[in-house]
Amino acid sequence: MQLRFTRLTLKKKHPLQISRGTSSDAENLFVEVMDDQHVGLGEMAPIAYDRQNAEGAEIDLRDLADKLVDVRPYQISAVEKAAKETSSTARAALINACYDWTGRASGMPVHVLLGLEPTEHRTSITVGINPVERIRELVPELIREVGTDELKLKLGRREGIDADKEAFCTAKEVAPPGTKIRVDANGGWSIPDAIKMVKWLAQNGAGYVEQPLGFEDERGLFELKAIREIPIFVDEYVRDSMDVARLAGACDGVNIKLMKCGGIAEAMRCVATARAHGLKTMIGCFGESSVSISAGAAIGGLFDYIDLDSHLNLDPDPAEGCSLQDGRIVPCDVPGLGVDLL
């Protein structure tokens with residue numbers, strides 16, 4: 001196979017602030033795998049906390065290109081083996097492009113090729129850390145636009161947990177009746193604050209808490225799980241299926257992202273590992289366009305929770321692919337992933 005690269009800067013409609021900082025745009029790398037007949041398309045989105053960016057991913061894949069000359073895109077295991085030393089984001093773009101190529105070459109949508117049905121679950125829509133006045137505007141606006149009843153609220157404010165409580169109460173007040181609110185602290189709490197907040201959120205109707213503790217407090221997860229009253233999901237701690245197994249005793253669920261684990265194949269292994277340990281699963285995203293979100297949608301039927309909303313916050317989305325139907329992210333019913341750059 002041969003590779004071709006395109007880098008694009010993606011701008012957000014609404015800047016996303018989390019406990020670690022704010023993102024308003026990012027440079028993503030789009031990767032095409034091709035032979036004489038077909039082209040498959042994948043995407044890399046940066047992971048800031050892991051120092052993975054588009055320039056580094058392109059360097060990784062250009063260095064890898066000679067090893068892939070005699071490999072066919074449908075030979076997923078061989079591609080994974082060749083790319084095992086590359087960054088996870090570069091690997092995700094490559095592997096997902098190979099799945100797109102394989103679907104196009106076989107005349108089958110990728111989810112059909114994998115024997116999967118589209119998800120029955122609506123995606124959550126994310127509201128970042130904002131002043132409470134802005135939360136009052138954003139929550140009903142975004143829920144109405146997306147047609148979902150699933151809200152993910154970012155907490156871990158620098159002002160402390162009292163400010164987090166105010167933000168949650170504001171979102172709960174203005175959300176339409178029946179909205180399910182989940183919380184993601186992105187590692188913004190200390191162990192004492194996390195213990196207080198998990199208890200308070202349980203009392204106030206939160207569905208689950210995601211990534212309550214930072215990287216330095218991984219051991220604290222076990223302490224937190226012992227006293228939690230609502231499920232605890234982990235995100236930043238979990239990159240691949242080995243991490244899922246390692247942390248199975250410290251959480252109730254895992255947020256699996258294609259950029260972290262390296263693409264569709266490893267994401268499916270993560271799901272299998274999580275199920276074997278009795279964990280719930282969520283598929284999430286970084287600042288991805290419809291190209292990578294369509295790859296996530298192709299395997300969305302495997303997951304208990306869907307958090308594939310980043311493309312809905314782009315101005316503009318540079319690609320076309322999966323569709324939004326009654327709050328669900330639905331894969332295309334055409335060969336491959338149905339993705340193209342506009």
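The backbone oxygen of Leu 213 lies 2.8 Å from a polar atom of the side chain of Gln 211, a pair that falls under the definition of a polar contact (N or O atoms within 3.5 Å; within protein, one must be able to donate a hydrogen and the other to accept it, and residues adjacent in sequence count only if both atoms are side-chain atoms). This is a predicted model, in which local features need pLDDT of at least 70 and side-chain atom pairs count only at pLDDT 80 or more, while totals for chains, interfaces and linings use all residues. Residues are numbered from 1 along each chain as its sequence is written, and side-chain values use heavy atoms, with hydrogens and water left out.

- Gln 211 is found in the loop between strand S7 (209-210) and helix H8 (220-227), where helices (H or I, at least four residues) and strands (E, at least two) are DSSP runs numbered from the N terminus.
- With a relative accessible area of 1%, Gln 211 is buried; buried means under 20% relative accessible area, exposed over 50% and partly exposed in between, with a 1.4 Å probe and protein chains only.
- Not counting residues up to four places away in sequence, Gln 211 touches Asp 184, Ala 185, Asn 186, Gly 187, Phe 233, Val 234, Asp 235, Glu 236 and Tyr 237, contact being defined as heavy atoms within 4.5 Å.
- Asn 186, which is one of the residues that Gln 211 touches, is found in the loop between strand S6 (180-184) and helix H7 (191-203) and is buried, with a relative accessible area of 5%.

**Backbone geometry**

- Most residues other than glycine have a negative phi, and most peptide bonds are trans.
- Phi is positive at Gln 211, with a value near 45°, and also at Asn 186, with a value near 50°.
- The peptide bond from Asp 315 to Pro 316 is cis, with omega near 0°, and Pro 316 has its place in the loop between strand S11 (305-306) and strand S12 (319-320).

**Gln 52**

- In the loop between strand S3 (39-44) and helix H1 (54-64) lies Gln 52, which counts as buried because its relative accessibility is 11%.
- A polar contact of 3.1 Å joins the side chain of Gln 52 to the side chain of Ser 88, and, leaving aside neighbours within four places in sequence, Gln 52 is in contact with residues including Met 44, Pro 46, Ile 47 and Ser 87.

**Ile 125**

- Ile 125 lies in strand S4 (residues 125-127) and counts as buried at 5% relative accessibility.
- Not counting residues up to four places away in sequence, the residues touched by Ile 125 include Leu 142, Ile 143, Val 146, Asp 309 and Leu 312.
- The C-alpha atoms of Ile 125 and Gly 156, which are 31 residues apart along the chain, are separated by 18 Å.

**The protein as a whole**

- The secondary structure comes to twelve helices and 15 strands.
- The radius of gyration is 19 Å, close to the 20 Å that the globule rule gives for 342 residues, so the protein is as compact as a globular protein of that length; the radius is taken over C-alpha atoms, and the rule is 2.2 Å times the number of residues to the power 0.38.
- Of the 342 residues, 57% count as buried, and the C-alpha atoms fill a box of roughly 60 × 40 × 35 Å, taken along the principal axes.
- Among contacts with a separation of 6 or more, 69% are accounted for by residues 24 or more positions apart.
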